[in-house]
Amino acid sequence: MNFKKTIINTIKGKKTDYVPFIPRLDIWYKSNKIRNTLPKKYKSYTLVEIAKDLGLGFHTIVPDFSYYRNKKSAALSGLGIYDLKTNPYAINTDNLDFESKTDCNGITRTIYLTPYGNITTKTIYDYRMKESGATIGHTLEHAFKTAADVNAIGYIFENIKVEKNYKDFSEYKDSIGENGITVAFCMLSASPMHHIMKSLCRFENFIYQLHDNPTIFESLAQKIDIFLSKIVNVAASSDADVVFCGANYDSFLTWPLFFKQYITPYLKKYSAISHQMDKFFLTHADGENEGLIKEYVEGQIDIADSICPYPMTKLKLEDIRREFNEKITIWGGIPSICALEKFMNEYEFDRYLYSLADSIGKGDHIILSFADTTPPDAKFERISKLAKFTKSLKLS
């Protein structure tokens, strides 16, 4: 059974030969490649070659956020829009007037000229971030500063066109083959209001505005909803296996009541669109999930990617699986500290492996991976050991 079939059967709850272990290695690889600290055997290997040598499938969920379609695309990251070559959609900004410049320190400043005033964003993606393995930058200046910016930001989103990018996406799918599933990335935001919170406004400012004048954000959210829905529809109509929308939740930042009101209905909406086109729907559920598990179930998602359990968060893996009740497949489940010697010695790591075997129960609806990702300083032997150990875990 190839990796693609194993993954799909796991999501469907069908029997597989073993519990799959498909870790996310891109950040680990990029960081060690830049630092020249890859294991001696693999110094000249690509990431794909390393995965094949270890007998692992390709982790294809989180894209390379630096793989922009063109120079213009890079400017859009300040709006939380990632126009990537591997996306099933393309962003057309012909109706927008903007200027963008990146300096020698990796700081990109973009000014959008609109009839309602100018909007400025500033992001950074420097050498230190590249050295850490990250492919996504950090926002230094958000688009939304005051309520006066709402109309201008709304104008920007109204004038962005979403087009199909199926040719490039099909080439990307062909490069994966049977070694993994093809994931159609949509947005890191799970809903319009989540996008405002996550990408357009400083968190503290968002909280104050949402409390004092929620109608301002609600009017902007309506325009972002149209934009985001277009992306999801284009993604769901592609030849992907999975549609990915939304990431980076937390019980404090996206607290349960906020999640229930502003995120869950959209997860449900986007999963319905995906299901209508015979696609699985995935959201990146890393962070502290206390109080949020039932919202993922209510949102009718198929895959909760990057679930990180105790001891890095409050929830134990077996408890999360019990609440998901075979409705949602976990992709993750292994706290990233397990790969680091400074947090676990060899004895503790071996004990963890056997507790992991107990935590996964029957072994259905789980694809094991380090959550959120394999750390750059991970002990390589532990990746290899997990690859061998999980193949011994049979579904009951």
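I began with the stretch in which β10, α14 and β11 form a right-handed β-α-β unit, where right-handed means that, with the strands pointing away from the viewer, the path from the first strand over the helix to the second runs clockwise. Helices (H or I, at least four residues) and strands (E, at least two) are DSSP runs, numbered from the N terminus.

I noted that this is a predicted model, in which local features need pLDDT of at least 70 and side-chain atom pairs count only at pLDDT 80 or more, while totals for chains, interfaces and linings use all residues. Residues are numbered from 1 along each chain as its sequence is written, and side-chain values use heavy atoms, with hydrogens and water left out.

I then looked up the helix α14, residues 317-324, and found L317, I320, R321 and F324 buried, that is, under 20% relative accessible area with a 1.4 Å probe and protein chains only. Seen down the axis of α14, these buried residues fall within an arc of 100°, so they line one face of the helix; the arc is that of the directions from the helix axis to the C-beta atoms. An α-helix has 3.6 residues a turn, so residues three or four places apart point the same way.

Which elements cover the buried residues of α14? I found that they include α13 (293-298), β10 (303-307), β11 (329-335), α15 (346-359) and β12 (366-371). Just after α14, I noted that N325 takes a positive phi of about 50°.

Next I turned to the sheet, which is open, has 6 strands in the order β7-β8-β9-β10-β11-β12 and shows parallel pairing; two strands pair if DSSP finds at least two bridges between them. The edge strands are β7 (183-187) and β12, each of which pairs on one side only.

For β10 I recorded that 5 of its 5 residues are buried. The chain crosses from β9 through α13 to β10 in a right-handed β-α-β crossover. Strand β9 (residues 280-284) runs parallel to β10 and is joined to it by 3 bridges, and T283 has A304 in β10 as its bridge partner. With β11, which also runs parallel to β10, there are 4 bridges, and I307 has G332 in β11 as its partner.

Terms used:
Buried means under 20% relative accessible area, exposed over 50%, partly exposed in between (1.4 Å probe, protein chains only). Contact means heavy atoms within 4.5 Å.
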